[in-house]
Amino acid sequence: MKAAIRALVCASAVLVPIAGLAAPASAATTVVFDCEAKPPLVGNKYLKLNQDADVTAPATVAPGAALDIVIDPAPNTVPAEVSGYQVKNIKDFSLKIPIPANSTWVSADLAGGSGIGSTPPKITVSGSVATLSFPGPIAGGSTFELPTVTAHLTAGSSGTIETKLGGSSYSDPGLTFTAVVSAGFDVSAPTACFPNPSPTFTTTTIG
């Protein structure tokens, strides 16, 4: 089950709403997620997941100006087998992205991506949180890649724009998905993850 869950974690650094409008800066970021999987009968399982991602964002922005941020996730592969059990798929992916203070969400563009199921991923916004989601499934043993995301924001009047992933606990997760493993019958393990520690990916100065 641990390997099945590990295959999904590439989404942990996708769609980070960071900001800037000047000389671009690139950052290679590693996020460590604490995850709680809840398979039936055997009790909850706990694990840590690491994910690297390249994020490009300028360092400064004028007050009230537009911000474009590009997030390019790396490909990943779902394991075909875990401890002698077949991994059927991973599905029902959802990643929460808080809209940073001192900025306003405008929209996001998704480009590319492959192997994540026939239903295209989407981004929805509720309150101060944007959510990237798709149902999948992604078959065990297959390679997939999440789309490149360009997030569009508008800067506030002053201050800095700091960007982090959502989630602060298992009951307040930033990343959720379900792993399905065949053990003579299908076993579904809903999984909730949060970044711990929660890094600041980029700080953009308004001014």
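These notebook entries record what I looked up in a predicted model of one protein chain.

**Entry 1. Ground rules.** I worked from a predicted model, in which local features need pLDDT of at least 70 and side-chain atom pairs count only at pLDDT 80 or more, while totals for chains, interfaces and linings use all residues. Residues are numbered from 1 along each chain as its sequence is written, and side-chain values use heavy atoms, with hydrogens and water left out.

**Entry 2. The chain as a whole.** Of the 207 residues, 45% are buried (under 20% relative accessible area; exposed is over 50%, partly exposed in between; 1.4 Å probe, protein chains only). The chain exposes about 8,900 Å², with 53% supplied by carbon and sulfur atoms (Shrake-Rupley method, 1.4 Å probe; for residues, only the protein chains shown count as cover). I then took the contacts (heavy atoms within 4.5 Å). Among those between residues at least 6 apart in sequence, 80% join residues at least 24 apart.

**Entry 3. Salt bridges.** I searched the whole structure and found one salt bridge (a side-chain nitrogen of Lys or Arg within 4 Å of a carboxyl oxygen of Asp or Glu). Its partners are lysine 88 and aspartate 186, at 3.1 Å from N to O. The pair links distant parts of the chain, since lysine 88 belongs to strand S7 (residues 85-98) and aspartate 186 to strand S16 (residues 186-195), 98 residues apart. Lysine 88 is partly exposed at 34% relative accessibility, and aspartate 186 is partly exposed at 45%.

**Entry 4. Aromatic pairs.** The search of the whole structure gave three aromatic pairs (rings of Phe, Tyr and Trp, the last by its six-membered ring, with centres within 6.5 Å; planes under 30 degrees apart are stacked, over 60 edge-to-face, the rest tilted). I noted tyrosine 46 with tyrosine 170, a tilted pair at 5.5 Å centre to centre and 50 degrees between the planes. Tyrosine 46 lies in strand S2 (residues 45-58) and tyrosine 170 in the loop between S14 and strand S15 (175-182), so the pair ties together parts 124 residues apart in sequence. Tyrosine 170 is partly exposed, at 30% relative accessibility. Tyr46, Tyr170 and Phe194 form one aromatic cluster.

**Entry 5. Glycine 159.** I located glycine 159 in the loop between strand S13 (148-155) and strand S14 (160-162). Glycine 159 is partly exposed at 36% relative accessibility. Leaving out residues up to four places away in sequence, glycine 159 touches Asn102, Thr204, Thr205 and Ile206.

How values were computed
Helix = DSSP H or I, 4+ residues; strand = E, 2+ residues; numbered from the N terminus.
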